[in-house]
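Hello,

Here is the structure you asked about. Please look it over first, then read my notes below.

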Amino acid sequence: MEMDDHTKQLAEEVGTAINESVQESPSVAAAIERLREAGFEMELTLRLEIGLRPHREGDSAGERSGSLELTDEDMRVLQAMKIKIEPE
């Protein structure tokens, strides 16, 4: 699917917001500080891929079903990014 300039801008905004959330996260800063106190320097590279697909006719959130299994590590990363997951 080819993205127009507006869609590309929206995707970039999502990436920027996620990056800012990680940079401003007190828990990430605290974890980095603990590494430094333990005698290590850290280099962090995050790669973000955003996949987009158009809505289909008649497609609504209420009509979808599925499941997603998240590990404890997945939950920690999402919480660090200020993303809340509602328990079922």
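The protein chain has three helices and zero strands, in the order α-α-α from the N terminus. Helices (H or I, at least four residues) and strands (E, at least two) are DSSP runs, numbered from the N terminus. This is a predicted model: local features need pLDDT of at least 70, side-chain atom pairs need 80 or more, and totals for chains, interfaces and linings use all residues. Residues are numbered from 1 along each chain as its sequence is written, and side-chain values use heavy atoms, without hydrogens and water.

Of the 88 residues, 9% count as buried. Buried means under 20% relative accessible area, exposed over 50%, and partly exposed in between (1.4 Å probe, protein chains only).

Next, the charged pairs. There are two salt bridges, each a side-chain nitrogen of Lys or Arg within 4 Å of a carboxyl oxygen of Asp or Glu.

- Glu41 and Arg36 pair at 3.6 Å, N to O. Glu41 is exposed, at 66% relative accessible area. Arg36 is partly exposed, at 43%.
- Arg76 and Glu73 pair at 2.8 Å, N to O. Both lie in helix H3, three residues apart, about one turn of the helix. Arg76 is partly exposed at 48%, and Glu73 is partly exposed at 44%.

Side chains of opposite charge can pair when their charged atoms come close.

Best wishes
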